[in-house]
Amino acid sequence: MRYLTKEWCNLCQLTGLHFGLRAHKDVRVLNESVYQRLRKRKEKAFLKQEKEIYDFNPRELFDADGEVLVRADKFISGEEILEGDTIVNEMPEEQKEHIRKLIESYDSRGPFDIQKNSIEFENRQKMFLEDNEKKIPKDIYSQVADPRVFALGYSTKEMINQLKKISKENEKKVQSVLKDFKLAQEKENIPENIRERFGFHDCKVKSIIKKKDVTILLDTSGGFTEDNKIIFHDAKIIKEDTAVNGCWWIYEELYNTHNGYEAHMMFVDETNSYIELTIASKSIIVEKV
């Protein structure tokens, strides 16, 4: 990757270091009773939220089928809404089938498991602890009196302001790189049919077949496209950190070469590690199969 590098991806994770934090006057010093009180409060809220999700009846999802949608600009402006300003949402059959399966699971479920969800809460807190140690700058994290309380989402006002400042600086750097990347891509003489379709954010790699042509098959259920097959004709793999099977596609860069294209792709695996793949090819075919 020339712009959307691993370093840039990591920087993207550091633009909201203050998100979810609340200032609390009792967290300036280590205090076990304060921790236990705040922990019980957070766990209670977590269990309530999980119970609400558990109780949601997926039959309600069918309400969107046949719903009349109004153009956003007309809705916001308050102008008279004409027939041409609306569209009837018709739910695809595959989506309906997915909802039917959710209903089957909902109807056959057991009682809400408080103990299981309490364990999940504890596991998440451990994950937050580990993430904070990695992400928060050491000079700021050293000010934390009790990392467990910080993982619950409580801090001092001074610390939150410091994190806001750093997050803002990181956001500027991220946007600067993104601006340079967009300008560079605009200069590339890429056919519109490829430029518009070569984007697979949040799609999962089902398989990659490496022969004279390199073919990538995708699970697009979590993405924003129905195109699920990419063929790099007469291809050469320039860089592959590790196998990308089962990984999620997050970013791409596409460049012209003297005899075709050079595609730079960034993936992320289940451990949130970034994996880079670069393929040179004479042509690229994107299709839905």
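**Note on salt bridges and a buried serine**

1. At 26% relative accessibility, Asp26 counts as partly exposed (buried means under 20% relative accessible area, exposed over 50%, partly exposed in between, with a 1.4 Å probe and protein chains only). Its side chain meets that of Lys25 in a salt bridge at 3.3 Å, N to O (a side-chain nitrogen of Lys or Arg within 4 Å of a carboxyl oxygen of Asp or Glu). Lys25 is exposed, at 68% relative accessibility.

2. This is a predicted model, in which local features need pLDDT of at least 70, side-chain atom pairs count only at pLDDT 80 or more, and totals for chains, interfaces and linings use all residues. Residues are numbered from 1 along each chain as its sequence is written, and side-chain values use heavy atoms, with hydrogens and water left out.

3. The structure holds 23 salt bridges. One of them joins the side chains of Lys96 and Asp65 at 3.4 Å, N to O. Lys96 belongs to helix H4 (residues 93–107) and Asp65 to the loop between helix H2 (32–55) and strand S2 (68–70), so the pair ties together parts 31 residues apart in sequence (helices, H or I, at least four residues, and strands, E, at least two, are DSSP runs numbered from the N terminus). Asp65 is partly exposed, at 32%.

4. Glu192 and Arg195 also form a salt bridge, at 3.5 Å, N to O. Both lie in helix H9 (residues 192–195), 3 residues apart, about one turn of the helix.

5. Ser155, in strand S4 (residues 154–155), is buried at 3% relative accessibility. Not counting residues up to four places away in sequence, Ser155 touches residues including Leu21, His24 and Phe150 (contact means heavy atoms within 4.5 Å).
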